[in-house]
Amino acid sequence: MRTCILSPLRIKSTLVTTTTTTYTPRLLLLPTTTKITTHHPINFYPQARTMSSSHSNTQLKGGCTCKTVQYTITLNSVEDARTTLCHCKSCKRAFGTNYGLTAKVALDAFSYNDGTETLKKYTQQNGVTREFCGECGVFICEYGKEAADKFRYVMWGSLDEPENIPPKGEFFCKERASWMPEINGVFHKREIKE
């Protein structure tokens, strides 16, 4: 049996497909006779890993690529964070991919440890403010006008151990890329307020 390798950087395939696949989150080995279809449920991260905690609080650390900006999220439980995928046009543009992936945490749970002097902010016409490292450009968090004094939506990929807070749902599913499968075992909303 011949196999092909699908990687996040490039695709080499002799598969007979019903859709063109341009992104895979993990390395896959598939037999060449396998058909890839759209909207096939997959599990993203079924189980959270154990993380460090102190004094009954759970701490998640993260930062930018150049290590200038560092932050800590302090939660009573991993359940206090809500990680979601967003398929809206704004997130697609900001993340430069087919969805945004953020962890919503209370404002008082999020704090910068280092690098605040290099932080840059950009506010879009829709009122969403995004904060990023002024040195390496890594996107750290975002918040809307209404949420600015309540929440931070932290970029999941900026966490040191993002698997600790797996996705709980998807928003703007009506705008999901046609080739992207639905995430199994999480909530799905066609719009933000559904």
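The chain has one helix and 15 strands. Here helices (H or I, at least four residues) and strands (E, at least two) are DSSP runs, numbered from the N terminus. This is a predicted model, in which local features need pLDDT of at least 70 and side-chain atom pairs count only at pLDDT 80 or more, while totals for chains, interfaces and linings use all residues. Residues are numbered from 1 along each chain as its sequence is written, and side-chain values use heavy atoms, with hydrogens and water left out.

## The chain as a whole

Of the 194 residues in the chain, 42% are buried. A residue is buried under 20% relative accessible area, exposed over 50% and partly exposed in between (1.4 Å probe, protein chains only). The chain exposes about 11400 Å², and carbon and sulfur atoms supply 50% of that area. Accessible areas come from the Shrake-Rupley method with a 1.4 Å probe; for residues, only the protein chains shown count as cover. Contact means heavy atoms within 4.5 Å. Among contacts between residues at least 6 apart in sequence, 52% join residues at least 24 apart.

## The eight-stranded sheet

Eight strands form an open sheet with mixed pairing, in the order E10-E11-E12-E13-E8-E7-E14-E15. Its edge strands are E10 (119-123) and E15 (187-188), each of which pairs on one side only. Two strands pair if DSSP finds at least two bridges between them. Strands of a sheet pair through backbone hydrogen bonds, either parallel or antiparallel.

| E7 (residues 82-86) and E8 | antiparallel | five bridges | Cys86 with Gly100 |

Thr83 lies in strand E7. Its relative accessibility is 0%, so Thr83 counts as buried. The side chain of Thr83 reaches the backbone oxygen of Ile165 at 2.9 Å. This is a polar contact, a pair of N or O atoms within 3.5 Å; within protein, one must be able to donate a hydrogen and the other to accept it, and residues adjacent in sequence count only if both atoms are side-chain atoms. Leaving aside neighbours within four places in sequence, the contacts of Thr83 include Leu101, Thr102 and Ala103, as well as Trp156 and Pro166.

Arg152 lies in strand E13. Arg152 is buried yet has no salt bridge, meaning a side-chain nitrogen of Lys or Arg within 4 Å of a carboxyl oxygen of Asp or Glu. The nearest side chain of opposite charge, Glu131, is 4.6 Å away. Lys and Arg count as positive and Asp and Glu as negative, while His and the chain ends are not counted. The side chain of Arg152 does reach the backbone oxygen of Ala148, at 2.8 Å. Not counting residues up to four places away in sequence, Arg152 touches Ala103, Lys104 and Val105, among others, including Phe110 and Tyr143.

## An exposed loop residue

Asn76 lies in the loop between strand E6 (70-75) and E7. With 59% relative accessibility, Asn76 counts as exposed. Asn76 and Thr58 are 18 residues apart in sequence and 5.9 Å apart in space, C-alpha to C-alpha.
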